[in-house]
Amino acid sequence: MSHFSSALTRTAAALAVGAGLAWGTAAHAADTIKVGILHSLSGTMAISETTLKDVMLMLIEQQNEAGGVLGKQLEAVVVDPASDWPLFAEKARELISNDKVAVVFGCWTSVSRKSVLPVFEELNSLLFYPVQYEGEESSKNVFYTGAAPNQQAVPAVDYLMKEAEVERWVLAGTDYVYPRTTNKILEAYLKAKGVAEEDIMINYTPFGHSDWQTIVASIKEFASAGKKTAVVSTINGDANVPFYKELANQGIKAEDIPVVAFSVGEEELAGLDTAPLVGHLAAWNYFQSVESDENDAFVEAWKAYTKNPDRVSNDPMEAHVIGFKMWVQAVEKAGTTDTDAVADAMIGISVPNLSGGTATMMPNHHLTKPVLIGEVQDDGQFEIVWETPGTVVGDAWSDYLPGSKDLISDWRKPMSCGNFNVATGKCGGQGE
Amino acid sequence: MTSTGISRLFPAVLAVIILALASVAPVAAAEADLAPLVQEFSNRKYDPKVEAIEKLGASGDMRAVAILKALGNRDLYTMKSGDRVVLARETADGMAISDPVTGEDLGTVPEKALQKIRLNNRMRRTISAAIGTLTLMSPDAAIRGDAAESIFLSRDDDDLEVLDAALAKETDPDVKLLMEQARAAIVLENGSPDEDLIAAIAVVKSRGDRDALSVLTGLANGEGPVAEAAKEAVTGIENRLELWGAAQNVFYGLSLGSVLLLAAIGLAITFGVMGVINMAHGEMIMIGAYVTFMVQELIRTSAPWLFDYSLFIALPLAFLIAGLIGMAIEHGVIRFLYGRPLETLLATWGISLILQQAVRTIFGPTNREVGTPDWMSGFFKLGELTLTYNRVYILFFSFAVLALLMLVMRYTAFGLQMRAVTQNRPMAGSMGIRTGWVDKLTFGLGSGIAGIAGVALSQIDNVSPNLGQSYIIDSFMVVVFGGVGNLWGTLVGAMTLGVANKFLEPYAGAVLAKIFVLVFIILFIQKRPRGLFALKGRAVEQ
């Protein structure tokens with residue numbers, strides 16, 4: 001029952017923190033800078049997003065101990081959009097209009113980001129979005145601190161093609177916007193690399209799919225054509241567990257058919273029996289097992305903050321760490337929290353990332369990131385087996401899709417355009 | 001000593017010398033060979049490590065098997081100071097280290113002084129191929145068989161010599177066949193005269209499985225007699241596999257059906273028999289799964305040897321806990337709402353949200369790890385059918401639960417009262433049955449069975465607060481399709497939907513298959529509003 005009691009203590013602690021925050025609000029109401037946190041604390045996405053809220057609270061606490069920003073203390077405003085996409089927009093509006101927050105850190109799924117995007121543009125406020133996504137977007141009001149497809153999916157496929165000599169590809173995903181767009185890009189990329197149509201199999205499953213027997217059997221069948229086969233998985237969080245279990249149950253090992261996943265990180269592995277996953281791959285820009293002083297310090301602080309020595313860190317958390325540090329620097333540089341001034345100051349800011357390199361905010365509101373490929377180990381951590389020699393610049397508009405290969409994004413003046421068409425020489429208008 | 005004495009002694013001396021040479025010299029030589037190879041593992045790059053594994057495999061030294069196995073199990077480490085490769089084992093006061101080649105004890109060091117040797121998939125593949133080469137001469141027939149199998153999969157040209165030597169000595173006909181197939185696969189992979197290739201194709205074809213197919217498909221794309229033979233073999237194997245594939249699909253369908261059945265049986269009671277639209281039914285399943293988690297957690301901390309029996313311990317507990325919660329819900333909410341289906345629906349939906357968030361607050365939003373006992377992991381082959389143990393057990397378990405429930409309904413006093421109350425409440429009441437109490441127990445029974453289903457589903461699905469939601473719609477579908485109030489209908493409904501879904505899936509994809517099944521049910525209900533097995537009589541007409 002140790003779990004039960006520790007959960008109770010945690011709940012109590014959370015309540016206490018909440019009460020402390022409320023009290024803090026009253027005490028400092030006049031001279032604080034408010035930071036909005038828009039992550040689901042209930043519903044389906046709570047599994048991933050709750051951690052990000054905790055990370056933000058820790059970062060804000062650390063910043064306040066170090067003296068705050070512009071001489072003022074930061075104050076976190078936490079709201080719960082409950083995994084309900086329209087509610088994200090309502091809560092965002094509430095944060096900006098009622099709570100007058102200077103900046104919002106939040107969202108996980110692409111659909112929630114799409115839902116809040118018009119609100120941030122209308123009310124001219126800033127959003128830091130920490131999750132790897134499908135690209136094809138660049139808004140003046142959003143900073144994308146997660147990976148674009150060219151910082152995750154494309155290098156992962158490159159790795160499999162070169163290092164593992166894979167010739168046949170299964171693109172398996174959950175049926176929604178991120179996997180569909182990513183797979184479209186990957187399909188175009190693979191074909192450009194000379195992979196034949198019949199060597200690509202694309203499969204979509206509903207959210208939370210749990211009966212993988214037929215699909216795993218068909219992957220097995222697809223793989224028996226005498227060519228090395230790999231699965232590129234954009235399967236969303238929850239459905240992964242039964243998927244990997246079924247692979248193991250049907251006797252498919254990572255050596256035979258490796259699966260490289262873009263949505264499976266340390267946090268997702270924390271609640272699993274990892275034995276069936278050992279050797280399968282994930283592509284991210286950060287792993288907890290990265291060896292660097294920054295990472296050691298962060299992981300230690302995180303474990304101490306959550307009072308849980310088993311707490312893990314993951315890629316979107318690193319994205320928030322980078323995004324928050326950048327925002328603090330930009331505010332100090334601009335000398336104000338005014339949206340336009342901070343947005344201008346953001347571009348070009350460099351902060352150390354947790355893997356021992358530097359992250360720089362590019363004019364297209366995307367970051368430079370190293371790409372790491374890790375193999376799952378039996379302890380739920382990743383062993384890094386490959387990494388890009390330097391960092392990769394995030395590309396908002398994919399070069400492999402016919403509709404977007406002519407588009408570039410540059411938010412510096414005088415261009416200030418999220419989707420400038422280099423073929424026609426015109427700015428195509430914002431946010432499409 | 002006479003000359004005859006010397007000549008008599010000479011062969012004996014010679015024999016001793018040869019024996020000594022044969023036993024001592026190679027060991028000393030191999031020891032000198034293995035140690036630097038093992039030391040190669042301290043390299044951070046993968047290429048030298050892979051090369052070292054290959055050399056260990058080619059050494060023919062049986063000690064290399066243990067070393068390679070230790071490497072595969074990640075028991076090999078490098079010392080952070082000096083980079084020496086050691087074998088380490090966890091003990092109470094640190095890591096006990098020893099030399100991987102000689103086995104010499106090197107004392108105990110703290111964990112921080114060691115660095116695990118990195119392993120990637122290429123190394124894992126090479127390790128299993130190398131172990132295959134090494135164990136081809138093993139005295140155990142099963143190990144020789146496995147070795148031949150791993151050579152078949154790796155198809156490495158270098159193994160041909162060892163394989164030929166092993167083939168010449170092999171006496172077990174099954175293992176011999178495996179070795180011949182492995183040999184044929186190497187021949188096919190690495191090119192030879194046409195007649196050899198055609199003979200090899202025939203040997204590989206005799207396997208008739210997917211692995212054979214992956215060897216042959218590459219050859220079938222060319223021109224000439226070899227490609228013809230390969231093409232014919234591929235078609236033959238494909239036809240054979242297609243039949244097995246259909247059988248496999250039936251099994252998948254029945255397996256999905258059994259999951260649907262498990263999820264729906266409880267609902268068949270609460271909705272089918274009592275007529276309560278219970279939206280919190282899925283949460284009862286979830287509670288059952290969390291009971292399994294707690295039981296396993298207790299076992300892990302206090303009685304690890306019981307782990308294999310954890311599910312049997314969880315079953316009655318899950319039944320009791322989910323049943324009691326169900327009865328509490330009936331007592332607190334539902335009994336005030338009988339005959340008001342809309343309000344029941346809303347109230348139970350509210351309860352389901354409350355239960356979900358309560359579990360989220362207590363156990364956290366992340367998935368909880370429920371382990372699979374050994375006897376439920378893995379698969380066995382029946383011809384070309386791959387049957388996974390967990391699915392097979394769940395299939396039989398769902399039948400057992402249904403059978404038990406039918407017995408209770410038919411042959412116990414409680415079952416009789418339950419049927420009496422649902423058929424004619426006032427009459428049953430006037431015969432002295434406490435109808436309120438029977439309602440409560442019936443609802444508890446339905447919830448308890450949902451709890452049992454949760455124990456089984458914890459083996460194949462995520463144990464998270466959302467577990468129940470994914471089953472609630474399917475459960476209603478099964479009960480409505482099968483016929484409200486009829487347990488046979490639930491059985492036939494679940495199996496029909498399962499098999500239909502699995503036969504549609506390969507053609508239409510998982511998403512469309514689900515849609516088709518839903519559309520089919522809507523049309524079916526138009527034609528037969530009471531489902532497959534409609535209850536007849538006055539009780540229904542009320």
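How much of residues 476-500 of chain B is helix and how much is strand, and how far apart are the end C-alpha atoms? Over this span chain B is 84% helix and 0% strand, with 17 Å between the end C-alpha atoms. Helices (H or I, at least four residues) and strands (E, at least two) are DSSP runs, numbered from the N terminus. This is a predicted model, in which local features need pLDDT of at least 70 and side-chain atom pairs count only at pLDDT 80 or more, while totals for chains, interfaces and linings use all residues. Residues are numbered from 1 along each chain as its sequence is written, and chains are lettered from A and ligands numbered from 1 in the order in which they are written.

**The sheet of chain A**

- An open sheet of 5 strands in chain A has the order β2-β1-β3-β4-β5, with parallel pairing; two strands pair if DSSP finds at least two bridges between them.
- β2 (73-79) and β5 (142-144) of chain A are the edge strands, and each has a single partner strand, so one side of each has no neighbour in the sheet.
- From one strand to the next, the twist averages 25°.
- Strand β1 (residues 32-38) of chain A runs parallel to β2(A) and is joined to β2(A) by 7 bridges; Glu75(A) in β2(A) is the bridge partner of Lys34(A).
- Helix α3 (residues 85-98) of chain A packs on the sheet and touches β1, β2 and β3 (103-106) of chain A, its direction making about 180° with that of β1(A).
- Helix α11 (residues 315-334) of chain A also packs on the sheet, where it touches β3, β4 (127-129) and β5 of chain A; its direction makes about 175° with that of β3(A).
- For these angles, axes are lines fitted to C-alpha atoms, for helices over the stretch in contact, and angles run from 0 to 180 degrees between N-to-C directions.

**The contact between the chains**

- Chain A gives 46 residues to the contact and chain B gives 49 residues; two residues are in contact if their C-beta atoms, placed from the backbone, lie within 7 Å.
- On the side of chain A that touches chain B, α7(A) supplies the largest share, 6 residues.
- That side of chain A divides into 17 nonpolar, 21 polar and 8 charged residues. Ala, Val, Leu, Ile, Met, Phe, Trp, Tyr, Cys and Pro count as nonpolar, Asp, Glu, Lys and Arg as charged, and the others, Gly among them, as polar.

**Strands of chain B**

- Strand β1 (residues 76-79) of chain B pairs with strand β2 (residues 85-91) of chain B in the antiparallel sense over 3 bridges, and Tyr77(B) stands opposite Val86(B) in β2(B).
- The hairpin of β1(B) and β2(B) has 5 residues between the strands, and Gly82(B) takes a positive phi near 100° there.
- β1(B) also pairs in the antiparallel sense, over 3 bridges, with strand β5 (residues 114-116) of chain B; in β5(B), Lys116(B) stands opposite Tyr77(B).

- Asn486(B) is found in the loop between α18 (469-482) and α19 (487-527) of chain B.
- Asn486(B) is buried, with 21 other C-beta atoms within 10 Å. A residue is buried if 20 or more other C-beta atoms lie within 10 Å of its own, exposed if 12 or fewer, and partly exposed in between, with C-beta atoms placed from the backbone.
- Asn486(B) lies 7.0 Å from Gly272(B), C-alpha to C-alpha, although 214 residues separate them in sequence.
- Residues 250-277 of chain B are 86% helix and 0% strand, and their end C-alpha atoms lie 32 Å apart.
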